[in-house]
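Subject: Structure handover

Hello,

Here is the structure I said I would pass on. My notes on it follow below.

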Amino acid sequence: MTTDPITSHLKETRRFEPSAEFAAQARVSSEVYAKMYTESVNDPESFWRRETSELVFRTPWTKTLSWTLPHAKWFEGATLNITESCLDRHLTTARRNKAAIIWEGELSGNTRTMTYAELHREVVLFADALKRHGVEKGDRVAIYMGMVPEVAVAMLACARIGAPHTVVFGGFAADALRDRIADCAAKVVITQDGGYRRGGVLRLKDVVDQALNQPQSASVQKCFVYRHLGEEVCPVAMKSGRDVWWHESVDPTATRRDPLTIVESEHPLFILYTSGSTGKPKGVLHTTAGYLAGVHVTSKYVFDLREEDLYWCTADVGWVTGHSYIVYGPLSNGATCFMYEGAPNYPDWGRFWRMIEKHRISILYTAPTAIRAFMRQGDEIVQKSDLSSLRLLGTVGEPINPEAWVWYHKLVGGGRCPIVDTWWQTETGSIMMTTLPGASASKPGSTGLPMFGVVPDVVTKDGKSVGANEGGFLVLRKPWPSMLRTVWGDDERFRRTYFSDVPDCYFTGDGARRDEDGYFWVVGRIDDVLNVAGHRIGTAEIESALVSHPAVAEAAAVGRPDDLKGQALVVFVTLRPGHTADSSLSAKLGDHVGKEIGKFAKPDAIRFTDGLPKTRSGKIMRRLLKDVAAGRESTGDTSTLEDLNVLAKLRSNEE
Ligand code: WTA
């Protein structure tokens, strides 16, 4: 962890009260919020029992929490299958034939609707297929798919048989997929032939082949392939003995042998890899009952979900937002989720707004980076569509700058929709802080107040709370049901990363301040993790990808403030002898990172240098590089710098 001073220069004083109309019908008023919050912290037993009473537990829990830092066990004694809460429980109600998923394809604009009854049937059939192909409770299954309803079917089918899934975002390259498969020793991979992205075809199965043809992927015995595009558009090679077509694997009569597997509350539900401060991604492990409780309660209250809503979370299912707020949270509430296959700007920047008008979407949950990109395209594009169906907006993934907030509020929300700014992480599983709609005023750029059961604080390095409006480390003081349980296969890393920097609490890796009203303002990451266009990228991952190229001797990756992406990725590179620093090498290195990790991780700028600024003990001084990348004078201490010349040279090389 670096010790950069955490400063917040944002002085935003505007407040937006919820409209009287929204507040009048909101589930949670400010008084109710205060009451529920106090109860959730002081009497979690009563709070969680009541708030999970509509979920399906085969046996109720006997102990709400066992906590021996850093290990939490929630709801011990409970047995359940999460898919019964997401699917089966709706089948005996009016929701049976309600749409669970309404999907729109990118290229054709075709739509598909899957009702709860249909989704349930697909899940049971595919779970049976997995089982017949040898997947047992506890086996890990990697899912590498695009945004099609079947990705939700695949996840739920794994959960139905107690096989933890690990969804790998379809933008990751073969080597990144291979590393994730290897880390959790996945037995099976589920993929699709390909998907559309910006009018082009993303050949997903080909990437899986490249990953599986390497010795590190030897754990994989079967690969299921969903046919989405078909032979003509996207022919694929099927390896005999290993590859199975999804549609051929399914036996339509299998509903009579539902492989539903009841598990313990702490049974692993999924592993999701995320960037940390070393080159190796962390397999964040979430378990069943606590995760379900967290996503169920937050989906219901934060999005104020109603029976008639059409809810759209624009995230990809490959990130935690897709897990919690496309699949498990909304479905456990019986909501109808809209799902879109492709890019926001295909065939043009009006696509999102036309879909909102066409489907009468009522809740939109998206990322600040997307909002800023839309904002750049001008107001007319948004104004062309009728967005009067919207009633609630949300953001996630990075701090939203107040201009973008106000634009979103005015142009997209017509000034009438509350905006929930939701702060949370892959590790937290569900939303930890937000501006609850109807309960509290919004302040553009602030992520509001804690959710139920969450006790955030802003502290100094030794864990002491700082005063109002002072910057510090953002920590969570108490365990919460949907918290990660460990880092897969590396419990020591789990302890070190989250529970060693600040004593006795969970350290988020973010810097923040709390204002005089108790509202939190997240400044951004203070560890070596960047947030580029809403993607979480570890600087060490980029560096290790770069040094794996034969031309590179050393590399240092840092973030630079960027109007559109929040942060842009700048890398400083020193070369091995015999290589020339020119634009062709720069392009090659960019492609290399794209190939090793994924195109989304390509550096925005590559700067060649003869040396990197280092401390006398040889540590790269990123703080100085950040200043150079941002074109700032370094104000910090340079007294430990080995060679001041290096810094002067770096500055004189500026692009
Ligand atoms: C950042 C995404 C400010 C933060 C759900 C966090 C935010 C990291 C917000 C987690 C927000 C997320 N305001 N910053 N509303 N939401 N972040 O794991 O730095 O992909 O630590 O989870 O995103 O990113 P992750």
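Some background before the rest. This is a predicted model, in which local features need pLDDT of at least 70, side-chain atom pairs count only at pLDDT 80 or more, and totals for chains, interfaces and linings use all residues. Residues are numbered from 1 along each chain as its sequence is written, and side-chain values use heavy atoms, with hydrogens and water left out. Helices (H or I, at least four residues) and strands (E, at least two) are DSSP runs, numbered from the N terminus.

Backbone geometry

Most residues other than glycine have a negative phi, and most peptide bonds are trans. Ala-533, in the loop between β28 (529-532) and β29 (535-538), has a positive phi near 50 degrees. Ala-185 also has a phi near 50 degrees, a positive value in a residue other than glycine. Ala-185 sits in the loop between α7 (174-184) and β8 (188-192), and it counts as partly exposed at 34% relative accessibility.

Helix α6 and its neighbours

Axes here are lines fitted to C-alpha atoms, for helices over the stretch in contact, and angles run from 0 to 180 degrees between N-to-C directions. The axes of α5 (residues 116-132) and α6 (residues 149-160) come within 8 Å and cross at roughly 60 degrees. That makes α5 oblique to α6 (angles under 35 degrees count as roughly parallel, over 145 as roughly antiparallel, 65 to 115 as roughly perpendicular and the rest as oblique). Residues of α5, including Leu-119, Val-123 and Phe-126, meet residues of α6, among them Val-153, Leu-156 and Arg-160; contact means heavy atoms within 4.5 Å. The residues of this contact divide into eleven nonpolar, one polar and two charged. Ala, Val, Leu, Ile, Met, Phe, Trp, Tyr, Cys and Pro count as nonpolar, Asp, Glu, Lys and Arg as charged, and the others, Gly among them, as polar.

The axes of α6 and α11 come within 11 Å and also cross at roughly 60 degrees, so these two helices are oblique to each other. Ala-152, Met-155, Leu-156 and Ala-159 in α6 meet His-323, Val-327, Tyr-328 and Leu-331 in α11. By class, that contact has seven nonpolar, one polar and no charged residues.

Helix α11 and Ser-332

In α11, 13 of the 13 residues are buried, so the helix is largely enclosed by the rest of the structure. Ser-332 lies in α11 (residues 320-332) and is buried, at 0% relative accessibility. Its side chain makes a polar contact with the side chain of His-296 (2.8 Å). A polar contact is a pair of N or O atoms within 3.5 Å; within protein, one must be able to donate a hydrogen and the other to accept it, and residues adjacent in sequence count only if both atoms are side-chain atoms. Just after α11, Gly-334 takes a positive phi of about 70 degrees.

Regards

Terms used. Buried means under 20% relative accessible area, exposed over 50%, partly exposed in between (1.4 Å probe, protein chains only).
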